[in-house]
Amino acid sequence: MARTWREKALNVSLHYGAGKDEAEDIAQDVMLRLWQMRDELERYQSIEAIVALMAKHQLRNHQRRRNDENLDEAIIVSLTTSPQEELETKENEAWLTTKLAQLPTTQRTLLYMRQVERRTHEEIASLLGIEPTSVSTLLARARRTLLEEIRRRNEI
C-alpha cells in the first residue's frame, strides 16, 4: 500500500508541474506525514484521495518557498531607469505604505495574509476564527478602499 501511495504522490506532483527531484521530495514528505497520521488513517474512506491532496498542498508550499527565496535574492538594479523614475517609485511606495497603514487593522492583516503570505481564504478564516465569506468581504472592502484612494490620487 505504501508503494501505491508514494507513486500516487509522485504522479500528482509531476502532474501539477513539479520537477522530478521536487516530486521525489514531495512524495517523501507525504509519506512522512502519512506515517505521522498512521493511527488516524482508518477514519478516511479514501487514503489515495488524502495522498493526492497532501501532494498538491506540499507542491504549493514548495513553490511558495521557492518564490520567497527568489524574491529575497532578487535585488535588481536597472540601468535604464532615470533618477526621476526611481524617485517616483519611492514616493509611490511610501504613499502606498501610508495608505495601507491607515486601513483598519483587520483589513490590513487580511491583506497581508492573502497577498504576502499567500494564504487561502480558508486558512485565513481558520487562523482568525471567522467565516471564509467574511474573509472575502473584508478583503473586498480593503481592496476597494485602496482603489478609491488610488483614483483620488490620480485625479490630482
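Val30, Leu34 and Val51 touch the most other members of the largest nonpolar core, a set of 20 residues. Two or more residues of this core come from each of α1 (2-15), α2 (20-36) and α3 (47-73), and α3 gives the largest share, with seven residues. The model described here is predicted. Its protein chain holds seven helices and zero strands.

**Nonpolar cores**

- Leu34, one of the core residues with the most contacts to other members, touches Trp5, Leu41, Ile47, Val51 and Met54 once residues up to four places away in sequence are set aside.
- A second, separate core comprises 11 residues, among them Leu103, Leu110, Met113 and Val135.
- In soluble globular proteins, nonpolar side chains tend to be buried together.

**Overall architecture**

- Along the sequence, the protein chain reads α-α-α-α-α-α-α.
- The protein chain has 156 residues, and 25% of them are buried.
- Considering contacts in the protein chain between residues at least 6 apart in sequence, 61% link residues that are at least 24 apart.
- The protein chain has an accessible surface of about 11600 Å², and carbon and sulfur atoms account for 51% of that area.

**Helix α7: Leu138 and Glu149**

- Helix α7 spans residues 132-155 and contains Glu149; Leu138 is also found in helix α7.
- Leu138 counts as buried because its relative accessibility is 18%, below the 20% limit for that class.
- Apart from neighbours within four places in sequence, Leu138 is in contact with Thr106, Gln107, Leu110 and Ile130; of these, Leu110 is a member of the second core.
- The C-alpha atoms of Leu138 and Leu111 are 8.9 Å apart in space, while the two residues are separated by 27 positions in sequence.
- Glu149 has a relative accessibility of 18% and therefore counts as buried, given the cut-off of under 20%.
- With residues up to four places away in sequence excluded, Glu149 touches Trp95 and Lys99.

**Aromatic rings and charge**

- The charged end of Arg38 is positioned over the ring of Trp35, at 4.1 Å from the ring centre.
- Zero aromatic pairs are found when the whole structure is searched.

Definitions and conventions. Residues numbered from 1 in each chain as written. Predicted model: local features only at pLDDT ≥ 70, side-chain atom pairs only at ≥ 80, totals over all residues. Heavy atoms only, no water. Helix = DSSP H or I, 4+ residues; strand = E, 2+ residues; numbered from the N terminus. Buried < 20%, exposed > 50% of the residue type's maximum accessible area, 1.4 Å probe, protein only. Contact = heavy atoms within 4.5 Å. Areas by Shrake-Rupley, 256 points an atom, 1.4 Å probe, with all protein chains shown as cover. Core = buried A, V, L, I, M, F, W, Y, C linked by side-chain atoms within 4.5 Å. Phe/Tyr/Trp six-rings, centres within 6.5 Å; stacked < 30°, edge-to-face > 60°. Lys NZ or Arg CZ within 6 Å of the ring centre and 35° of its normal.
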